[in-house]
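User: I would like to learn how to read aromatic rings and their surroundings in a protein model. Please take me through it step by step.

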Amino acid sequence: MEGTDGYKVLQTFISSGLHGSKHGWPTLVYALTLCRLNDQSVCLYKKNRGRHHAEDNMLSFLKEAIVNRLFLSQQLTMYVNYSPCHNCSDLIVKFLHWAELHYGINLQLEIAFPALYRIRRPSCEEEGHTHKLADADDHDRNVKGLERLKGIGVTIRPMNAVDWSTIARGLNVPFVYEGSARQQEDAVLHKDFKRVVDREEGGMNDLVPMLRNVHLRGAVPPQTEDDAFDMSLH
């Protein structure tokens, strides 16, 4: 059963945000981390449940672990198959302030992802992938949310080859990244991320005022899935 679950998680990451997908915005999102809890290495992943996004559920777990003195690390990498929305960005900011204020944990957090959530990607615009474009307000809110995370020292970035190897190993599922469609998509995503979030030349943020009347039809917010899983590292 664990192998099946791990395969589903990895496939969800792999298929997230691929160019040409016409399935709209995600209904299933996972947040995953490899960490030490009570001196034991674990691969932990949580998914969205009802109104609670995957990041929210992961933060709730980590908060309980900190309260119970099970999680004492000063560094953490969180993998999410879509970048945090603006609400989750705010929750992450509050969580980090809470951990430092009440438990003296100055957590150095890194968030890596294979897709951007409701953010207009220049490559999608330029290649005519209009079914994957967020509206201007969503774009603006979510970019600003990521900027707030960067502003307090959180590292946010697209996933790379090392990340894919790390989560595949943690989930105990084989994955050949080299030469895959995922590798090709990641190369495009890295360029889009630099243009939109790091605001390198040629980005789309200057276009936002022109896009206020553009709306994404048929967008589906994250929906409920029942379970979340913990899995020991192999």
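User: Is Trp-98 buried or exposed, and why?

Analyst: Trp-98 counts as buried because its relative accessibility is 16%. Buried means under 20% relative accessible area, exposed over 50%, and partly exposed in between (1.4 Å probe, protein chains only). Tyr-103, with a relative accessible area of 25%, is partly exposed. This is a predicted model, in which local features need pLDDT of at least 70 and side-chain atom pairs count only at pLDDT 80 or more, while totals for chains, interfaces and linings use all residues. Residues are numbered from 1 along each chain as its sequence is written, and side-chain values use heavy atoms, with hydrogens and water left out.

User: What describes a pair of aromatic rings?

Analyst: The distance of the centres and the angle of the planes describe such a pair. Rings of Phe, Tyr and Trp (its six-membered ring) pair if their centres lie within 6.5 Å; planes under 30 degrees apart count as stacked, over 60 as edge-to-face and the rest as tilted. By this rule there are eight aromatic pairs. One of them is tilted: Trp-98 and Tyr-103, at 5.2 Å centre to centre and 55 degrees between the planes.

User: Why is the pair of Trp-164 and Tyr-177 stacked?

Analyst: The planes of Trp-164 and Tyr-177 are at 20 degrees and the ring centres 6.2 Å apart, so the pair is stacked. Trp-164 belongs to helix α6 (residues 161–171), and Tyr-177 to the loop between α6 and α7 (181–196), so the pair links distant parts of the chain, 13 residues apart. Helices here are DSSP runs (H or I, at least four residues), as are strands (E, at least two), numbered from the N terminus. Trp-164 is buried at a relative accessible area of 1%, and Tyr-177 is buried at 12%.

User: Which residues form one aromatic cluster with Trp-98, and which residue lies over the face of Trp-98?

Analyst: The cluster consists of Phe-95, Trp-98 and Tyr-103. Lys-63 lies over the face of Trp-98, 4.8 Å from the ring centre. A charge sits over a ring if NZ of Lys or CZ of Arg is within 6 Å of the ring centre and within 35 degrees of the ring normal.

User: What do the buried residues of α2 pack against?

Analyst: They pack against β1 (30–37), β2 (40–47), β3 (75–80) and α3 (86–103); contact means heavy atoms within 4.5 Å. Among the buried residues of α2 are Met-58, Leu-59 and Leu-62. After α2 comes Arg-69, whose phi is positive, near 60 degrees.
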